[in-house]
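Please read the following points beside the structure. They begin with the ligand and then turn to the protein fold.

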Amino acid sequence: MKIGEILKRGTFSISFEFFPPKTEEGERDLFSTIKSLEHISPTFVSVTYGAGGSTRDKTRRIVEKIHKETHLTVMAHLTCIAHSKEEILDILNEYRKIGIENILALRGDIPTNIPDFKPPNGACKHADELVRLIRSNFGDYFSIGVASYPEGHPESPNMEWEIRYFKKKVMEGADFSITQMFFINDYYYEFLDMCYKEGVSIPIVPGIMPITNFRQVSRFASMCGATIPDDLIRRLEPYADDQEETTKIGIEFAIRQCEDLLRNGAPGLHFYTLNRSRATLEIYQALGNSIEALRRT
Ligand code: FAD
């Protein structure tokens, strides 16, 4: 099933993001997480990709396993910065061969562990080029998603710049977008307004990160430029070493955040699960009937 078409019909979407585990034990845990989330019947699940190309085989294998062994629609993330165009086309041909129809087209972070990193000759330097490459070689076969940043990508000097290049990805043929995590919904609403004013009308699904580990999420948030509200920091800080209390506070916060997004017409919710199911399940259950009603429409 093509995610862009589902979203275009106005069907409310629930989705979960996973990363390819490094060990066999991690993979077993991931598939038990997937099993416990499968009964919610998510619209789709997605599997991340290492920007340096390091997870190429792992991502592919996990994507294929989910596709073949579950009833879930799966989207493969693909980053272009470290691959030649030929490599990208090979990866996409492999996905087409096994029936994968959904790709999240990304540039990826510039690898900081490789001094003087230079993309291979002829590589796509930004995600808009990757979207163009996919559309020009595969037509409408793939439904293409792209990333968006309600608070601006850390490399963007201002929001005008942010919207200009986001719009470019849409003009090249992106069908929908998933946002970077954010904790203050006004950033998302303002971003939607800015996109609307620029004539960008693809569905933009908010990315939700339930906080279960304060230090880890603080690190992620500062790397990607997501603001954690001061009152939430004040609540979480005293429990930085207490995973149970952190999880409770994180879940309660995410429930309120999602309720507000539902009230304001978000086209779906994309959960950064970190390969665990508890927080996502509790949030989903707490949203209860309102979410079920939206999914039926
Ligand atoms: P781009 O859209 O290329 O944007 C990057 C920066 O360049 C922005 O500042 C933009 O304004 C600017 N820009 C864009 N186009 C141009 C242009 N033509 N000329 C000049 N400037 C331009 N990373 C991974 O490694 N693996 C993953 O699986 C992964 N999944 C993600 C999923 C989601 C939902 C999100 C939001 C992010 C994900 N990322 C992932 C992180 C992402 O790779 C990084 O944020 C990366 O730094 C930017 O990728 P992008 O596709 O947004 O890049």
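1. A polar backbone atom of Tyr49 lies 2.5 Å from a nitrogen atom of the ligand. This model is predicted, and the distance is therefore a computed value.

2. In Ser156, the corresponding distance to an oxygen atom of the ligand is 2.7 Å. The ligand exposes 970 Å² when taken alone, and the protein buries 88% of that area.

3. How many residues surround the ligand? There are 25, and the closest are Tyr49, Asp109, Tyr149, Ser156 and Lys169.

4. The strands form a closed barrel of 8, in the order E1-E2-E3-E4-E5-E6-E7-E8, and their pairing is parallel. Neighbouring strands of this sheet are turned against each other by 25° on average, direction ignored. In general, strands of a sheet pair through backbone hydrogen bonds, either parallel or antiparallel.

5. Strand E1 (residues 13-18) runs parallel to strand E2 (residues 44-47), and 4 bridges join them. Within this pair, Phe16 stands opposite Val45 in E2.

6. Helix H7 (residues 185-197) lies across strands E5 (143-148), E6 and E7 (204-208). The helix runs at about 160° to E7.

Key. Residues numbered from 1 in each chain as written. Predicted model: local features only at pLDDT ≥ 70, side-chain atom pairs only at ≥ 80, totals over all residues. Heavy atoms only, no water. Near = heavy atom within 4 Å. Polar contact = N/O pair within 3.5 Å; in protein donor to acceptor, adjacent residues only side chain to side chain. Areas by Shrake-Rupley, 256 points an atom, 1.4 Å probe, with all protein chains shown as cover. Pairing = 2+ DSSP bridges. Helix = DSSP H or I, 4+ residues; strand = E, 2+ residues; numbered from the N terminus. Axes fitted to C-alpha atoms, helices over the stretch in contact; angles between N-to-C directions. Contact = heavy atoms within 4.5 Å.
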